[in-house]
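Colleague: I would like to learn how to read helix packing from a model. Please take me through one case.

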Amino acid sequence: MLAALDQDSFIFTERWNKLAGSGIAAIGMGFALSTLFELGWMESSGREGELRTDGIYQYTRNPQSVGFITFIVGAIIAVNSRKLAVHGILTILVYALFPFAEEPWLRERYGQEYDEYRERTSRFIGWNLVKKLFTR
């Protein structure tokens, strides 16, 4: 609704912003959904399961957050709405803070295995993920 009612009220004036923002949003949503399906709906909801440290999880501990944050940034650029920007930034803050609430539960649930995983894998985006994405 914000996108429809407040479109083009923000700072992006170039025509390419819609295309670039849409592309960024599509990549972010694709990434988030692919990691959701890789982990599974039940485990993504906090149900019992194994600690995932393979696939995309070897590069980031929170790939769904990375994907959704990327989607939101792309949507803000594409829609160019002040109101959507405020809402989006607040939503990004929630996605950025959520892992801090989840990590104590993961430590309790998986113990030493999670601590070792945490030591070698970035919370969001680390150099290993950047190298992986751009060296294919």
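Colleague: What share of the contacts in the protein with a separation of 6 or more comes from residues 24 or more positions apart?

Modeller: This is a predicted model. In the protein, 74% of the contacts with a separation of 6 or more are between residues 24 or more positions apart.

Colleague: Which elements does the protein have, and in what order do they run?

Modeller: The protein has seven helices and zero strands. From the N terminus on, the order is α-α-α-α-α-α-α.

Colleague: What is the accessible surface of the protein, and how much of the protein counts as buried?

Modeller: The accessible surface is about 8800 Å², and 63% of that belongs to carbon and sulfur atoms. Of the 136 residues, 34% count as buried.

Colleague: How are two packed helices described?

Modeller: Two packed helices are described by the angle between their axes and the distance between the axes. Here, helix α2 (residues 16-39) packs with helix α4 (residues 63-79) at an angle of about 160°, and their axes are 7 Å apart. Angles over 145 degrees count as roughly antiparallel, so α2 is roughly antiparallel to α4. The crossing of α2 past α4 is left-handed.

Colleague: How do the residues of the contact of α2 with α4 divide by class?

Modeller: That contact has 15 nonpolar, nine polar and one charged residues.

Colleague: Is N17 buried or exposed?

Modeller: N17, which lies in helix α2, has a relative accessible area of 4% and is therefore buried, as the cut-off is under 20%. Leaving out residues up to four places away in sequence, N17 touches F12, S22, I77 and A78.

Colleague: And what is the relative accessible area of G23?

Modeller: G23 is also placed in helix α2. Its relative accessible area is 29%, so G23 is partly exposed. G23 and A78 are 55 residues apart along the chain, and their C-alpha atoms are separated by 8.7 Å.

Colleague: At what angle do the axes of α4 and helix α5 cross?

Modeller: The axes of α4 and helix α5 (residues 82-110) cross at roughly 170° and come within 10 Å. That makes α4 roughly antiparallel to α5.

Colleague: Which residues of α4 and α5 meet, and how do they divide by class?

Modeller: On the α4 side, the residues include F68, I72, I76 and V79. On the α5 side, L84, G88, I92 and Y95 are among them. By class, the contact of α4 with α5 has 13 nonpolar, three polar and no charged residues.

Definitions and conventions. Residues are numbered from 1 along each chain as its sequence is written. This is a predicted model: local features need pLDDT of at least 70, side-chain atom pairs count only at pLDDT 80 or more; totals for chains, interfaces and linings use all residues. Side-chain values use heavy atoms; hydrogens and water are left out. Axes are lines fitted to C-alpha atoms, for helices over the stretch in contact, and angles run from 0 to 180 degrees between N-to-C directions. Helices (H or I, at least four residues) and strands (E, at least two) are DSSP runs, numbered from the N terminus. Angles under 35 degrees count as roughly parallel, over 145 as roughly antiparallel, 65 to 115 as roughly perpendicular and the rest as oblique. A crossing is left-handed if the near helix is turned anticlockwise from the far one by less than a right angle, and right-handed if clockwise. Ala, Val, Leu, Ile, Met, Phe, Trp, Tyr, Cys and Pro count as nonpolar, Asp, Glu, Lys and Arg as charged, and the others, Gly among them, as polar. Buried means under 20% relative accessible area, exposed over 50%, partly exposed in between (1.4 Å probe, protein chains only). Contact means heavy atoms within 4.5 Å. Accessible areas come from the Shrake-Rupley method with a 1.4 Å probe; for residues, only the protein chains shown count as cover.
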